[in-house]
Amino acid sequence: MEGTVIGPGPYRATKLWNETIKLFRSGMPLRRHWANFRCYDWSFTGSEAVDYLHDLLRRNYNFGPEVTRYQTLQLLKKFLKAHVIEDIKGRHGTEDFEDTGHLYRFPTMSPLKSIPTRSLLRDSNDLPRLIRWDDYEELPQQENTAPSKPAVLTSDLWNKRHSVAIGDVHECKLIRRKEVTPKQVDHIWKTMTISHLQRVLGLKTLDGVLNPVHVNGKHIVHNVTKVNKTGIVVLDNKAEDMPYWVVSAMKCLANWPNGNDSKQPVYPGFERDVLKTVGEYFQRLRQPLLTFHLYEVFVNILSLLSDKEVTTEALQISCLLLPPPNRRRLQLLLRLMARVSQNQQLPSLNDMIPTRTLMVQMFSQCVLGSVDEMDLDELLSTKLVTFMMEHYNTIFQVPSKLRSQVDEHLSHLRRVQFQKSYPEIYQNRFPTHESKAAVVPEKAPRPKPHLMLFNLKKSFQPFQRSWSFRA
């Protein structure tokens, strides 16, 4: 593998685009060509460009050998539209790139994408703050007006025993906050999930990678709690689910040859028509299943593919951020792709392309895509979808470490809230050393008997037979 490794960080997709253009411009062989009785120096044919760029991408660490010639051709079409290259007459934008002997050249300066220079977040402290027991922002506005006199905490021992920093607590907080609200649970899951994602990616900040505003805590809680026995998300609103005919078609292919529940007549090429039906549905979606907002997150995960465990954990966390309908569609689609690719009884679905390659090419852009047309999403989506298809059984599991930490925080939060709302009850159930000593005085320690030294000084006396034992 060659090329500069673009590791995880802000605007990784933009950096990959610029790096690819630089490598293409600096390495593409240029020579003299003749066309229409004229000589053109420093030019190349369309076929030469496809050959060179295809080989370049396959040897590049950021893309890999999975890149196809068709994908390379699509990228060169984008290059022509973005004026990275132009035809020999200086035309670009409206022209279509051809994989033929048509001549092209580089303009004087190929435009690169500008990387935003706005100030990045300083550190992880700028992440959404975890809910504390004394937060009460859900109360009506008139109830937020608290007395100015703070409550006095008399026990220093309590502050030492609990990790929540309290400070001065208003009386209304002690009275009204008695239980953890669903809004607080959503916020805790959101905050801790984002924090875990930042840790797995190894970044000091997620600025330029993920905007916390686009993360919905309710989606995370739904994806964690509302699943069936196979781990597939269950939707509350059935209108958000896929149409019945799409689900039926997917079951037909996934369980071939025993999946034709509708008992439709099977004719030669029937399985190809079913696949076409499924493909058309996903290709008509308004945005990819991983959403435009999470595009940079998954592009960053691609830089971790050398470590299977880290990549799997990063995908587990990132897929929790998806809206439940998207997560459900993605789960069913990846399961379909995996089963079809491994089914030896399924007839060939394409005369030219192997089934596994066909699955990736057909659905990769339905999974990952950029809102910017001038991007490398075709190449990046292929690499990501290949990994997700091969590990679809594990990437939708909830990380055990994340779940345990959230449960621990919620349990601690409920315990502290109960203690401050009902101090007398809490004290009776969980007495401290101070309260226990006030009710049950400690007993005076019993003095230990002195060690009799003279007993230790006696020498060992061997056993002797007495006269009474004689015969």
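Predicted model: local features only at pLDDT ≥ 70, side-chain atom pairs only at ≥ 80, totals over all residues.
Trainee: In what order do the four strands of the open sheet lie?

Mentor: Strands of a sheet pair through backbone hydrogen bonds, either parallel or antiparallel. Here the pairing is antiparallel. Strands β1 (31-35) and β3 stand at the edges with a single partner strand each, so one side of each has no neighbour in the sheet. The order is β1-β2-β4-β3.

Trainee: Which residue in β4 stands opposite threonine 45?

Mentor: Strand β2 (residues 38-45) runs antiparallel to β4, and two bridges join them. Helix α2 (residues 46-59) lies across β1, β2 and β4, at about 25° to β2. The residue in β4 opposite threonine 45 is leucine 103.

Trainee: With which residue does glutamate 86 form a salt bridge?

Mentor: Side chains of opposite charge can pair when their charged atoms come close. In this pair, the closest N and O atoms are 2.9 Å apart. Glutamate 86 lies in strand β3 and its partner in strand β4, so the pair ties together parts 19 residues apart in sequence. The partner of glutamate 86 is arginine 105.

Trainee: Is glutamate 86 buried or exposed?

Mentor: Buried means under 20% relative accessible area. Glutamate 86 has a relative accessible area of 9%, whereas arginine 105, at 28%, counts as partly exposed. Glutamate 86 is therefore buried.

Trainee: How many residues apart in sequence are the parts tied together by glutamate 378 and lysine 78?

Mentor: The side chains of glutamate 378 and lysine 78 meet in a salt bridge of 2.8 Å, N to O. Glutamate 378 lies in helix α14 and lysine 78 in helix α3, so the pair links separate parts of the sequence. Both residues are buried. The parts are 300 residues apart.

Trainee: How far apart are the end C-alpha atoms of helix α14?

Mentor: Helix α14 (residues 377-390) has 14 residues and, at 1.5 Å a residue, should span 20 Å. Of these residues, 13 are buried, so the helix is largely enclosed by the rest of the structure.

Trainee: Which residues touch the most other members of the largest nonpolar core?

Mentor: In soluble globular proteins, nonpolar side chains tend to be buried together. The largest nonpolar core has 108 residues. Leaving aside neighbours within four places in sequence, the contacts of leucine 330 include Leu289, Val367, Met388 and Phe396. The residues that touch the most other members are Phe79, Ile85, Phe282 and Leu330.

Methods: Residues numbered from 1 in each chain as written. Heavy atoms only, no water. Expected span 1.5 Å × (residues − 1). Buried < 20%, exposed > 50% of the residue type's maximum accessible area, 1.4 Å probe, protein only. Core = buried A, V, L, I, M, F, W, Y, C linked by side-chain atoms within 4.5 Å. Contact = heavy atoms within 4.5 Å. Pairing = 2+ DSSP bridges. Axes fitted to C-alpha atoms, helices over the stretch in contact; angles between N-to-C directions. Salt bridge = Lys/Arg side-chain N within 4 Å of Asp/Glu carboxyl O.
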